[in-house]
Every structure is written in C-alpha cells, then in structure tokens.
Amino acid sequence: MNQSEIEAILKVHRLAFGEAEGEETAQLAKDFLDHQETISISVKRDGRIAGNVLFTPFVFEDHLDTKCYLLAPCGVSPEYQGCGVGKELMETSIEHLKSIGTDAVFVLGVPTFYPRYGFVPTDKQTPYPDLLTAHEAWMALELTAGAVEKLSGKTRAIPQFMQPHWWDTSGRE
Ligand SMILES: CC(C)(COP(=O)(O)OP(=O)(O)OC[C@H]1O[C@@H](n2cnc3c(N)ncnc32)[C@H](O)[C@@H]1OP(=O)(O)O)[C@@H](O)C(=O)NCCC(=O)NCCS
C-alpha cells in the first residue's frame with residue numbers, strides 16, 4: 001500500500017469518527033496498518049476512498065487453528081454516509097474473509113449496525129472482559145458453521161489493541 005493510500009484511509013477514519021474520537025481512531029488505524037497481518041478493505045466513490053475497514057488477527061489461545069479477526073475501525077466519510085458505502089464495505093469484507101478461510105470475526109461496535117450483516121452478541125472473552133459493560137456491543141460473525149460455539153478461554157488481540165480504553169464500553173450506547 002502506498003503512502004497516499006494510507007493517508008486517504010486515515011483521513012476517512014479521522015472524519016468518520018469526528019472531533020471527539022477521530023484523531024485517536026486515525027492513530028489506531030495507522031498502528032494497525034503497520035501490522036503485517038492486517039487486512040484493509042476500502043470502497044471508492046468518485047475515484048477516491050470513501051470508506052475503509054480494518055481486520056486484525058484475534059487469537060483464542062486454546063484454539064490456535066481457528067482463524068479469527070477483530071473488525072476495527074470501520075468508517076465512512078461523512079459526505080458519503082447513508083449511501084450504501086458501509087453496506088458495500090461489510091459485504092466485500094465478508095466475501096474476502098470467507099475466501100481466505102476465516103472462521104469468525106469479532107467486533108466491539110454499534111449494536112444496531114453490525115447485526116444487519118449477521119453479527120450476534122457473544123459471550124466469548126474480550127482481551128479486557130472486566131471493562132465490557134455494554135455486552136450487546138461485543139459481537140461475533142460466524143463464517144464457518146459451528147466455529148464460534150467451540151471457542152473458549154483466553155483471547156489475545158495484537159498489542160496495539162491491548163489498551164484498556166478500547167474495551168471500556170461504559171460510555172457507549
Ligand atoms: C456506521 C457507518 C460505518 C455506516 O456506513 P454508511 O455508509 O453510512 O452505511 P450504509 O449507507 O451502507 O447503510 C447500511 C445500512 O446500515 C444502516 N445504518 C447506517 N449507519 C447506521 C448506524 N450508525 N446505526 C445503525 N444502522 C446504521 C443504514 O440505514 C442501512 O440500512 P438499510 O440497508 O436497511 O438501508 C458510518 O455511518 C460511519 O462511518 N459512522 C461513523 C463511525 C462509526 O460509528 N463506525 C462504526 C463504529 S463501530
């Protein structure tokens with residue numbers, strides 16, 4: 001990925017998450033893009049990136065053969081929100097993740113948006129389970145039948161994700 005594409009992705013997240021969270025989310029996206037195994041999916045409109053979503057490896061320590069990802073962040077530039085970009089991002093991502101043999105995807109996110117694409121609340125462990133007060137915001141999408149049910153025990157995200165503030169849902173809807 002070249003530098004201008006990286007800048008365009010960071011700009012999308014900066015704008016999508018607004019003044020309160022935009023800068024921090026763009027920084028997170030930058031850290032994730034530096035990680036070799038991160039999957040980046042973008043959707044273009046008018047010749048430029050209008051939306052982007054990143055997937056980073058998520059490991060269940062007792063189930064190393066089960067291939068899981070964490071979805072974050074997912075953002076669409078405000079000027080393109082409400083026009084199907086988010087839907088296209090999700091559908092394209094799910095197709096790609098399936099094609100590379102992904103078993104499940106997890107997200108800490110808006111409980112009204114992700115269920116449209118098959119995510120359901122899950123009780124599997126987050127890296128900081130004690131901070132997770134908004135339980136309906138922690139969701140899983142199963143891509144291999146029966147994969148999620150079998151998962152249990154401790155989980156591990158990439159180091160950039162292991163900061164408690166990403167898992168504190170006390171201020172979220
Ligand atoms: C949430 C977001 C990614 C959705 O992208 P979008 O391009 O606006 O979504 P789309 O226009 O493709 O809408 C897809 C569907 O989701 C619905 N939807 C859009 N935003 C939603 C939201 N915040 N909550 C619930 N549903 C939402 C739409 O009504 C649409 O439903 P339909 O298919 O029944 O018509 C985008 O609005 C965004 O970047 N928001 C700010 C950042 C954010 O909150 N990211 C998610 C954090 S976990």
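The following legends describe close-up views of a predicted model.

In this predicted model, local features require pLDDT of at least 70 and side-chain atom pairs count only at pLDDT 80 or more, whereas totals for chains, interfaces and linings use all residues. Residues are numbered from 1 along each chain as its sequence is written.

**Figure 1. Overall fold of the chain.** The chain holds 4 helices and 7 strands, where helices (H or I, at least four residues) and strands (E, at least two) are DSSP runs numbered from the N terminus. Along the sequence these elements follow the pattern α-α-β-β-β-α-β-β-β-α-β. The C-alpha atoms fill a box of roughly 45 × 35 × 30 Å along the principal axes. Of the 173 residues, 34% count as buried. A residue is buried if 20 or more other C-beta atoms lie within 10 Å of its own, exposed if 12 or fewer, and partly exposed in between, with C-beta atoms placed from the backbone.

**Figure 2. Helix 1 and its cover.** Helix 1 (residues 3-16) has 14 residues and reaches 20 Å from its first C-alpha to its last, close to the 20 Å expected at 1.5 Å a residue; the expected span is 1.5 Å times one less than the number of residues. Its buried residues are Ile9, Leu10, Val12, His13, Arg14 and Ala16. Their cover includes helix 2 (18-34), strand 1 (39-45), strand 2 (48-60) and strand 3.

**Figure 3. Isoleucine 49 in strand 2.** Isoleucine 49 is found in strand 2 and counts as buried because it has 20 C-beta neighbours inside 10 Å. Beyond its neighbours within four places in sequence, isoleucine 49 is in contact (C-beta atoms, placed from the backbone, within 7 Å) with Ala8, Ile9, Val12, Ser42 and Lys44.

**Figure 4. The largest nonpolar core.** This core has 44 residues, among which Tyr69, Leu70, Leu71, Val105, Phe106 and Val107 touch the most other members. A nonpolar core is a set of buried Ala, Val, Leu, Ile, Met, Phe, Trp, Tyr and Cys residues joined through C-beta atoms within 7 Å. Apart from neighbours within four places in sequence, leucine 71 is in contact with Val53, Phe55, Val105, Phe106 and Val107.

**Figure 5. Threonine 122 in a loop.** Threonine 122 lies in the loop between strand 5 (120-121) and strand 6 (138-142). With 18 other C-beta atoms within 10 Å, threonine 122 is partly exposed. Not counting residues up to four places away in sequence, threonine 122 touches Trp138, Met139, Ala140 and Val148.

Note on methods. Two residues are in contact if their C-beta atoms, placed from the backbone, lie within 7 Å.
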